[in-house]
Amino acid sequence: MPATYEPIATTTLGSAAASITFSSIPNTYTDLRLVVTCISVGNSTGYVRCNGDSGTNYSLTLLNGNGSTASTSRYTNNSNGLGIQTSNATGTTPVLWTVDLFSYASTSIYKTALTTASNDQNGSGSVQRTVALWRDTSAINSLEIRTTIDNFNTGTTATLYGIKNA
C-alpha cells in the first residue's frame, strides 16, 4: 500500500536566518520527509541536526555529480549533522533539498537518512545524494536545518512531512 504524506509544519522565512528548527515532532509517523527550497545560500553546506546534538555522532557518504564529473566523499565522527550539499546558489536561484529520515521514532536503533540536493545554475548546476547516520537511539523530536557559512535568505521554505503506512 502507498505511504501517506501528512504536513506537520511549514516555515517560510520573512528575513534571513542562520537556521530553521522544527520542534515537538510527534512520534505518530513511520518516517519523516523534510523538503527545503533554499534561496541564495551562497557557498554553504547544509546540515540537519537531530535533537540539537552537536557531538561527533554523524556519519555521511556522499555522491556528487555536475554533468561532467562525479565524486564521492565520506565523513565519520562528524559534528555538523546529517549533510545535504555544498550549495552555490546565487541571486534568486533556489536549491532543493530533501531529507528522508527512517524509523525516526524508534528508541532501539540508530537513525538513517537519505538526502538529495540539486541546484541549477543556468545549466551548470549539480546533484548530490547522501546516505547519513545519526548514531543515537533516541527518538527524533526536533530537527535543526542549518548551513556552515551563509544564512538562509528571505523566501526560503522548509516543510516537514510525516509518513504513515496507508
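The following conversation examines the predicted model shown above.

User: What should I know about this model before reading it, and how are residues numbered?
Analyst: The model is predicted, so local features need pLDDT of at least 70 and side-chain atom pairs count only at pLDDT 80 or more, while totals for chains, interfaces and linings use all residues. Residues are numbered from 1 along each chain as its sequence is written, and side-chain values use heavy atoms, with hydrogens and water left out.

User: How many helices and strands does the protein chain have?
Analyst: The protein chain has zero helices and twelve strands. Both are DSSP runs numbered from the N terminus, with helices being H or I of at least four residues and strands being E of at least two.

User: What share of the chain is buried?
Analyst: Of its 166 residues, 40% count as buried. Buried means under 20% relative accessible area, exposed means over 50%, and partly exposed lies in between, with a 1.4 Å probe and protein chains only.

User: And what about contacts between residues at least 6 apart in sequence?
Analyst: In the protein chain, 75% of these join residues at least 24 apart. A contact means heavy atoms within 4.5 Å.

User: Which residues have the most contacts inside the largest nonpolar core?
Analyst: They are Leu82, Trp97, Leu143 and Ile145, in a core of 33 residues. A nonpolar core is a set of buried Ala, Val, Leu, Ile, Met, Phe, Trp, Tyr and Cys residues joined through side-chain atoms within 4.5 Å.

User: What does leucine 82 contact, leaving aside neighbours within four places in sequence?
Analyst: Its partners include Val48, Tyr58, Leu60, Leu101 and Trp134.

User: How many aromatic pairs are there?
Analyst: The structure holds three. One of them, tyrosine 58 with tryptophan 134, is stacked, at 6.5 Å centre to centre and 20° between the planes. Tyrosine 58 lies in strand β5 (residues 58-65) and tryptophan 134 in strand β10 (residues 126-134), so this pair ties together parts 76 residues apart in sequence. Both tyrosine 58 and tryptophan 134 are buried. Tryptophan 97 and phenylalanine 152 form an edge-to-face pair, at 5.9 Å centre to centre and 75° between the planes. Here strand β8 is tied to the loop between β11 and β12, across 55 residues in sequence.

User: What are the criteria for pairing?
Analyst: Rings of Phe, Tyr and Trp (its six-membered ring) pair if their centres lie within 6.5 Å; planes under 30 degrees apart count as stacked, over 60 as edge-to-face and the rest as tilted.

User: Turning to charges, which side chains meet in a salt bridge?
Analyst: Aspartate 100 and arginine 33 do, at 2.7 Å from N to O. The pair links strand β8 (residues 94-102) with strand β3 (residues 31-39), and the two residues are 67 apart. The salt bridge count comes to one, where the term requires a side-chain nitrogen of Lys or Arg within 4 Å of a carboxyl oxygen of Asp or Glu.

User: Are those two residues buried or partly exposed?
Analyst: Aspartate 100 is buried at 12% relative accessible area, whereas arginine 33 is partly exposed at 24%.

User: Where is threonine 156 found?
Analyst: Threonine 156 is in the loop between β11 (143-147) and β12 (157-165), and it is buried at 0% relative accessibility. Its C-alpha atom is separated by 5.6 Å from that of threonine 37, 119 residues apart along the chain.

User: What does the side chain of threonine 156 reach?
Analyst: It reaches the backbone oxygen of asparagine 153 at 2.9 Å.

Definitions and conventions
Polar contact = N/O pair within 3.5 Å; in protein donor to acceptor, adjacent residues only side chain to side chain.
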